[in-house]
Structures are given as C-alpha cells and as structure tokens.
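Colleague: I would like to learn how to read a helix and a few backbone features in a model. Can we work through a case?

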Amino acid sequence: MSIREAIRSASEKCLAGEVLTKEEMIRLLDIPVGSPDDDRLRETADIAAHRLTGNRGYIWCAVGMDFVPCTMNCTFCSFGEKWHVIKEKRHVSEEKIMESVRRYAAGGAAYVILRTTEFYSIDRLLEYIPRIRREVPGDYVFVLNTGEMTPEIAEKVAKGGVYGAYHALRLREGRDTPFDEQTRIDTMMSIAGSPLKLISLTEPIGPEHTSEEIAERFLNTVRCGAVMGGAMARFPVAGTPFEGTRRLNDEEMAHITAVLRLSGGSTISDICVHPASDIAMRSGANVLVVECGAIPRDAVYSESDWANTDMAIARKRLTDANYRISHVV
Ligand code: SF4
C-alpha cells in the first residue's frame, strides 16, 4: 500500500470509529515532517477532526496549585527536588484561584483543572471544588491532575463533583521517572473504572522518542479508556537533566497530532496539543491549554497565563481553525 493509500485508509478507519494498529500508526509517524505526504496527512486529520467533533473546540484551563519541590524527581519536571530549580516555594492563594477561574469561565473554558505535584492532599483539593463552584458559576467541568488514585479514591473524587482526572503513563516511564509503569496504568484504570473520565496525553515528547514509543503510549491511552488524548512536547527547562536538549517544533508537534487524531477513531474523540500552534490546530487538534501558577515546564511561578497564551489567543486559535468554542463538554 502506498503512503497516500495508507493515509486514506487511516482516515476511513477513523471516521468509521476504528482505532489503528501500532504498525499503521508507525507508518504514519514515519512520514517525513514537512513533506508533501505530511501536508496530506495533516489536511486529512483536520477534515476528520471537524467531522468527528462536530466542529466543537474546547479550552482546557489549568491552575497549577503548588510550586514546591517534588521528591519523585522526574527528569523532565522543574519541580523535581534534586534539580533545585524552585528557589521559593509558592501555593496559589484562594483569591487567585477564584480570579483565574472567573477569567477562564468568562472566556469560555470547558475544563477547569486543578493541577498539583504528586503528593498533594486529595481532601484539600476536594474542599476547593464547591467553593470555586459557588464563587464562579458556569457550565465548565472540574478535572484533577494530581497523584495516584486507587478505585476508592477515584470514586470519592467523582462524588466530590469532579468530572475527570488527568493521568499519563509517561514516555520512558521508569527511566526518565522513578515510577513503575504498572503504578501509572493502575491509576489510569482506577479513573476509567470509576464515574470519572480519564484524560491522558502522550507526553512529554522529545526528539529521541521513536515512532514505536509514541504509538505504544497512545495505544495504552486507548486501552485504558481515555476520552481525550493528544500530544505534549517536553520543555528543556534550565537546571533539569534535559537542559540544552531540543524542544520539538510546531511542525513536528502538528505531525504527531495528526497521526494521533487519525489513530483514535471515535474512541478518543477529542485531541489536545500542548503547546498549541496554528498549524497544530489545523492538523487534528480541537483542544488547547491555557494555564497559570505552578507550571512543571518552567523554572518560575507564572502569575499570569503562561507563555502569553491567554483566553483571547486560545479563542482565536480555535476559531481560526474553524472550531466553534464549546463551554459545555
Ligand atoms: S512530574 Fe509529577 S511526580 Fe514527577 S517530579 Fe513532577 S510533580 Fe513530581
């Protein structure tokens, strides 16, 4: 089968709701970035994304709660205590949480994420949920991005008014992180097996990751029952072991995004890309991120929306890519 036929076949399977095989994914991931075949791949993914999502685009708004050293020391994370990147510990104030969520809700956020380091208290997080909801009414849903969850904890989180949880089996988990792969998978299964929705990106992608590794991680996300997938680049934060390495550029991220879009069928109907770019939003992604506070991809606490990506920019990116911004999941 020619590569053009492989792209057409992937599109047909995607629109029929079918998930691609690892081999089919690898064939698409191996298309050279910037080639005419890559243009065809991304255009095809863009068309499929609009068909599958009914043109609905979403803004994922994260508040990074705690800017503190984390003893897990993942090599790509600025919070790893061994890297001594964090000079001054911070915790976002409740006033600042309300101000951020108010801004996000007014800008059309569909998702409000409370994101923490690994060992943050779940009970403390759950205390914020009704308080934020009371202060900032809206149709947005809450997502937690925090440490591991047993099935019991996932049930409790769902009962606490939370829609979903973000969790990922990282690329080179166990090598670039101290986690056992099964620990991550168990948490993903706890989430998916509860009333919570699982959201999980393929991350953090660096230039050394092979097509097979990327395909395998994405397919694990599908196997674990995620409703949203996508791709996130690794940021080589100064002071971490990845300082000085190359961050994937927008074209490379758009290429991977396109493959993930065509690979998830209707199982993973929403595809997020971080960082977003105009090219990635025209290559199959329909979700993008606005975030503030503690950012594991930066050495400093972000008082305002990170990397100059605010709600206005997010909205423009989505509408320029012909998505209707939906504040209802
Ligand atoms: S990625 Fe999570 S677990 Fe790893 S060091 Fe950062 S906060 Fe800790």
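**Reading a helix and its surroundings**

Modeller: In this predicted model, the buried residues of α5 are I122, L125, L126, Y128, I129 and I132. Seen down the helix axis, they fall within an arc of 150°, so they line one face of α5.

Colleague: Which elements do the buried residues of α5 pack against?

Modeller: They pack against β3 (90-91), α4 (94-106), β4 (111-115), β5 (141-145) and α6 (151-159).

Colleague: What span should the 14 residues of α5 have?

Modeller: The expected span follows from 1.5 Å times one less than the number of residues. For α5 (residues 122-135) that gives 20 Å, and the end C-alpha atoms are 20 Å apart, which agrees.

Colleague: What happens at the start of α5?

Modeller: There, a side-chain oxygen of S121 comes to within 3.3 Å of the backbone nitrogen of D123.

Colleague: Is H84 buried or exposed?

Modeller: H84 has 58% relative accessibility and counts as exposed, because the cut-off for exposed is over 50%. Its phi is near 50°, a positive value in a residue other than glycine, and H84 lies in the loop between β2 (66-67) and β3.

Conventions: Residues are numbered from 1 along each chain as its sequence is written. This is a predicted model: local features need pLDDT of at least 70, side-chain atom pairs count only at pLDDT 80 or more; totals for chains, interfaces and linings use all residues. Side-chain values use heavy atoms; hydrogens and water are left out. Helices (H or I, at least four residues) and strands (E, at least two) are DSSP runs, numbered from the N terminus. Buried means under 20% relative accessible area, exposed over 50%, partly exposed in between (1.4 Å probe, protein chains only). The arc is that of the directions from the helix axis to the C-beta atoms. Contact means heavy atoms within 4.5 Å. A polar contact is a pair of N or O atoms within 3.5 Å; within protein, one must be able to donate a hydrogen and the other to accept it, and residues adjacent in sequence count only if both atoms are side-chain atoms.
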